[in-house]
Amino acid sequence: MKRAPADRIFTALADATRRQVIRALSEQGPSTATGLAAGLPVTRQAVAKHLGALADAGLVTATRRGREVVYQISPRPLTDVVSWMADLGARWDERLAALRDHVVAARRQERR
Amino acid sequence: MDAVERAITLPATPREVWPALTEPRELSVWFGAAVDLDVRPGGRGVFRWPDGTERPAVVEAVEPERRLCFRWLPFQRTAAGGTTALPATRVEITLDAVPGGTRVRVVEREPFALGSRRASTGGGLLARIGT
């Protein structure tokens, strides 16, 4: 099944722990799995696994620095989500304008 | 709020507006798609767009002349017969009687909220788009 970027992101973020991980990453800035695990109620291994899933969705990027891997938030996918939301909003604007036309026309007809 | 939110005031009573939300024939006039929707909790629906895409939905809540909620299923069928995954957002349409007519409010929400702490994870951005 083809996946729209917004859907891939929502799926990656559907897990509560992954949301905690990404929130911690946004608060702490670029961090290692060990550094993030210190502030979270999960093991370093679990954090590393979640970081892998977030990287697959393009939400974080991994950079090797010596023996460590440093993760940081990647802004691009969030731009995709924002544009998806903006598109959704524009569709509702059109629909509600059409709804008004429809309701006004229906009332006019009834009064005849 | 991590949602798209829109509202409009219509010069009609909630009783007059309600059929426009619940009669498939009327929904099809303004929704931009041919709508086949069984408007009762658990009822199924299919929205067919002129470009050939189709998206199924399930009705979650119905309060006559007051509120309609449905959830998009997490995929759509393309004109070519393929399938595209999409977020299973929830649409809530509420009607409120106001002086001069009815306030129609639409909220289409992400499958989950990112949480109350905005930080830079996107919640803040989505909130700005949504309001």
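**Basis.** Residues are numbered from 1 along each chain as its sequence is written, and chains are lettered from A, ligands numbered from 1, in the order in which they are written. The model is predicted: local features need pLDDT of at least 70, side-chain atom pairs count only at pLDDT 80 or more, and totals for chains, interfaces and linings use all residues. The predictor gives the complex an ipTM of 0.83 and a pTM of 0.70.

**Chain A.** Chain A holds five helices and three strands. Helices (H or I, at least four residues) and strands (E, at least two) are DSSP runs, numbered from the N terminus. Their order along the sequence is β-α-α-α-α-β-β-α. Chain A is more spread out than a compact globule, because its radius of gyration is 22 Å, well over the 13 Å that the globule rule gives for 112 residues. That radius is taken over C-alpha atoms, and the rule is 2.2 Å times the number of residues to the power 0.38. The C-alpha trace spans about 80 × 30 × 25 Å along its principal axes.

Helix H5 of chain A covers residues 76-111. Its 36 residues reach 53 Å from first C-alpha to last, close to the 52 Å expected at 1.5 Å a residue. The expected span is 1.5 Å times one less than the number of residues. Buried residues of H5(A) include A:Trp84, A:Trp92 and A:Arg100. A residue is buried if 20 or more other C-beta atoms, placed from the backbone, lie within 10 Å of its own, exposed if 12 or fewer, and partly exposed in between.

A:His50 sits in helix H4 (residues 44-56) of chain A. A:His50 counts as buried because it has 23 C-beta neighbours inside 10 Å. A:Thr17 is 33 residues away along the chain, yet the two C-alpha atoms are separated by 7.8 Å. Leaving aside neighbours within four places in sequence, A:His50 contacts A:Thr17, A:Arg18 and A:Val21. Contact means C-beta atoms, placed from the backbone, within 7 Å.

**Chain B.** Chain B has three helices and nine strands, in the order β-α-α-β-β-β-β-β-β-β-β-α. Two of its strand pairs are antiparallel hairpins. Strands pair if DSSP finds at least two bridges between them.

| Strand pair | Bridges | Residues between | Positive phi in turn |
|---|---|---|---|
| E3(B) and E4(B) | five | five | B:Gly52, about 100° |
| E4(B) and E5(B) | six | three | B:Glu65, about 65° |

B:Phe47 has B:Arg55 in E4(B) as its bridge partner. B:Val58 stands opposite B:Arg71 in E5(B).

B:Pro41 lies in the loop between strand E2 (34-37) and strand E3 (44-48) of chain B. B:Pro41 is exposed, because 12 other C-beta atoms lie within 10 Å. Beyond neighbours within four places in sequence, B:Pro41 contacts B:Val59, B:Glu60, B:Ala61 and B:Val62. B:Thr53 is twelve residues from B:Pro41 in sequence and 25 Å away in space, C-alpha to C-alpha.

**Burial and contacts.** Buried residues make up 29% of the 112 residues of chain A and 27% of the 131 residues in chain B. Among contacts with a separation of 6 or more, residues at least 24 apart account for 48% in chain A. The corresponding share in chain B is 37%.

**Confidence.** The mean pLDDT of chain B is 85, and 82% of its residues reach 70 or more. Over residues 113-131 of chain B the pLDDT is below 50, although this stretch has 44 contacts beyond near neighbours in sequence. pLDDT is the predictor's confidence in each residue, from 0 to 100. Where it is low, the predicted coordinates should not be read in detail.

Technical notes
Two residues are in contact if their C-beta atoms, placed from the backbone, lie within 7 Å.
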